[in-house]
Amino acid sequence: MRIGQGFDSHRLVAGRPLVLAGEQIPHGKGLEGHSDGDVVLHAVADAILGALGEGDLGRHFPSSDAALAGAASRQFIERVVGMIQAAGLEIANLDCTLIAEAPRLAPHQEAMESTLSELLGVPRARVNLKLKSNDGMGALGREEGMAALAVVLLVAADG
Ligand code: MG
């Protein structure tokens, strides 16, 4: 068994689409970043890389790489899922926490969890996404950005 944890945070800025767990969410602002700024997918990818002992996202997808500018973060997930398979492992379960003061994300939770499980190629039952506000405190509470945490457990693949 291999366990990994991931964390990411990005600033919220005007004039960018908001993409969370691979889903585009209607909002006046989006997350700043070299890629689409999807904090959930970045935390998940880092958790997987951590479990594999493969460093972090920045090592595999450097922000100095112009080819990755504006990249959809789903391609990071596709790459790390390939690494899980190459290591003869599979995801036993993944648990994520998204910290976002606004917009209200509960109506999108179903779609975000579905997309996450599809991108990872695992049954929905193995993926959990929790939505939290920061209770108005600090930078996250002032809606200056969003943050996400993830924990993943990898086990030997079945077949
Ligand atoms: Mg990031």
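How many residues does α4 have, and how far does α4 reach from its first C-alpha to its last? Select α4 to begin: the helix has 12 residues and reaches 16 Å, close to the 16 Å expected at 1.5 Å a residue. The expected span is 1.5 Å times one less than the number of residues. Helices (H or I, at least four residues) and strands (E, at least two) are DSSP runs, numbered from the N terminus.

The model is predicted, with local features needing pLDDT of at least 70 and side-chain atom pairs counted only at pLDDT 80 or more, while totals for chains, interfaces and linings use all residues. Residues are numbered from 1 along each chain as its sequence is written, and side-chain values use heavy atoms, with hydrogens and water left out.

**Helix α4**

Stay on α4 and colour its buried residues: Met112, Glu113, Thr115, Leu116, Ser117, Leu119 and Leu120. Buried means under 20% relative accessible area, exposed over 50%, and partly exposed in between (1.4 Å probe, protein chains only). Their cover includes β2 (18-20), β3 (23-25), α1, α3, β5 and β6 (127-132). After the helix comes Gly121, with a positive phi near 70°.

Now select Met112, which lies in α4 and is buried, with a relative accessible area of 0%. Leaving aside neighbours within four places in sequence, Met112 is in contact (heavy atoms within 4.5 Å) with Leu20, Ala21, Glu23, Ile25, Leu105, Leu129 and Leu131.

**Helix α3**

Move to α3, residues 74-86. This helix has 13 residues and spans 18 Å from first C-alpha to last, close to the 18 Å expected. Phe76, Ile77, Val80, Val81 and Ile84 are its buried residues. Viewed down the axis of α3, these buried residues fall within an arc of 130°, so they line one face of the helix; the arc is that of the directions from the helix axis to the C-beta atoms. An α-helix has 3.6 residues a turn, so residues three or four places apart point the same way.

Turn to the other side of α3 to find Glu78, Gln85 and Ala86 exposed. The buried residues are covered by elements including α1 (39-52), α2 (57-60), β5 (89-99), α4 (109-120) and β7 (145-156). Just after α3, Gly88 takes a positive phi of about 70°.

**The magnesium ion**

Select the magnesium ion, which is coordinated by Asp8 (OD), His10 (NE2) and His42 (ND1) at 2.1 to 2.2 Å. Donors are N, O and S atoms within 2.8 Å of the metal (3.2 Å for Na, K and Ca); water is not among the atoms, so sites may look incomplete. Along the chain the donors follow the spacing D-x1-H-x31-H. His10 lies in strand β1 (residues 2-14) and His42 in helix α1, so the pair ties together parts that are 32 residues apart in sequence. Both His10 and His42 are buried.

**Strand β5**

End at Asp95 in strand β5. Is Asp95 buried or partly exposed? Asp95 is partly exposed, with a relative accessible area of 28%. Not counting residues up to four places away in sequence, Asp95 touches Asn128, Lys130, Leu149, Ala150 and Val151. From Asp95 to Leu149 the C-alpha distance is 8.3 Å, across 54 residues in sequence.
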